[in-house]
Amino acid sequence: MQRAAGAVVGGVLTVAAVPAVLGAAGFTGAGIAASSLAAKMMSAAAVANGGGVAAGSLVATLQSVGAAGLSMSSNILLGSVGSAFGAWLAGSKKGPSSSPPAEEEKEAKEKEPKEN
C-alpha cells in the first residue's frame, strides 16, 4: 500500500514539476525570459554555434517544451519514471524497530532481581 501511494505521488509530482521548473528557469510560453538561466544557456549555445541556436539542441528543445508543453507520450514517460522512483523511495523507508534499543535493554537487566 505504501509503495502504491509513493508511485502515485511520484508520478503526479514529476508530471506537474517539469513545466514549473522550466518556467522558473526562463523557458516560458512567450519565449526565453531576459536575465534567466535560459537566456544564459541560449547565449552560450549561440556563441558555440557561430551566432545561432541549432535546431534540436538542448536549448531549442527546452524552449519548445516551455512554449508548447509536453506531448502525451512525454507525460506518460515522465509519469512512469516518477512513479517508479516514488515507489522505490516509499519501499526503502524503514519503520521504527520493534526491539528496544540496547541501552534500554541493559537498564532493564540491571533492574531485575539477581539470583544467588
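1. Let's start with helix H3. The buried residues of H3 pack against helix H1 (2–25), strand S1 (27–28), strand S2 (31–32) and helix H2 (37–48). Contact here means heavy atoms within 4.5 Å. Helices (H or I, at least four residues) and strands (E, at least two) are DSSP runs, numbered from the N terminus.

2. A word on the source: this is a predicted model, in which local features need pLDDT of at least 70 and side-chain atom pairs count only at pLDDT 80 or more, while totals for chains, interfaces and linings use all residues. Residues are numbered from 1 along each chain as its sequence is written, and side-chain values use heavy atoms, with hydrogens and water left out.

3. Which residues of H3 are buried? In this helix, which spans residues 58–68, they are Val59, Gln63 and Val65. Buried means under 20% relative accessible area, exposed over 50%, and partly exposed in between (1.4 Å probe, protein chains only). Seen down the axis of H3, the buried residues fall within an arc of 160 degrees, so they line one face of the helix. The arc is that of the directions from the helix axis to the C-beta atoms. Just after H3 comes Gly69, with a positive phi of about 85 degrees.

4. Now the core. Seven residues make up the largest nonpolar core: Leu22, Ala25, Phe27, Ala38, Ala45, Val59 and Val65. At least two residues of this core come from each of H1, H2 and H3. A nonpolar core is a set of buried Ala, Val, Leu, Ile, Met, Phe, Trp, Tyr and Cys residues joined through side-chain atoms within 4.5 Å. In soluble globular proteins, nonpolar side chains tend to be buried together.

5. Helix H2 is worth a look too. The buried residues of H2 are Ala38, Ala45 and Ala46. They cover an arc of only 100 degrees around the axis, which puts them on the same side of H2. Their cover includes H1, S1, S2 and H3. The face turned away from the buried side carries the exposed residues Leu37, Lys40, Val47 and Ala48.

6. On length, H2 has twelve residues and reaches 17 Å from its first C-alpha to its last, close to the 16 Å expected at 1.5 Å a residue. That expected span is 1.5 Å times one less than the number of residues. H2 is followed by Gly50, whose phi is positive, near 75 degrees.

7. Next, two serines in the loop between S2 and H2. Ser36 lies in this loop and is buried, with a relative accessible area of 11%. A polar atom of the Ser36 side chain lies 2.6 Å from the backbone oxygen of Ala33. Not counting residues up to four places away in sequence, Ser36 touches Ala25 and Gly26. Ser35 is found in the loop between S2 and H2 and counts as exposed, at 72% relative accessibility. Ser35 has a positive phi of about 60 degrees although it is not a glycine. Most residues other than glycine have a negative phi.

8. Lastly, Gly52 is found in the loop between H2 and H3. Is Gly52 exposed or partly exposed? At 29% relative accessibility, Gly52 counts as partly exposed. Gly52 touches Ala45 and Ala46, not counting residues up to four places away in sequence. Gly52 and Met42 are ten residues apart in sequence and 8.8 Å apart in space, C-alpha to C-alpha.

Key
Polar contact = N/O pair within 3.5 Å; in protein donor to acceptor, adjacent residues only side chain to side chain.
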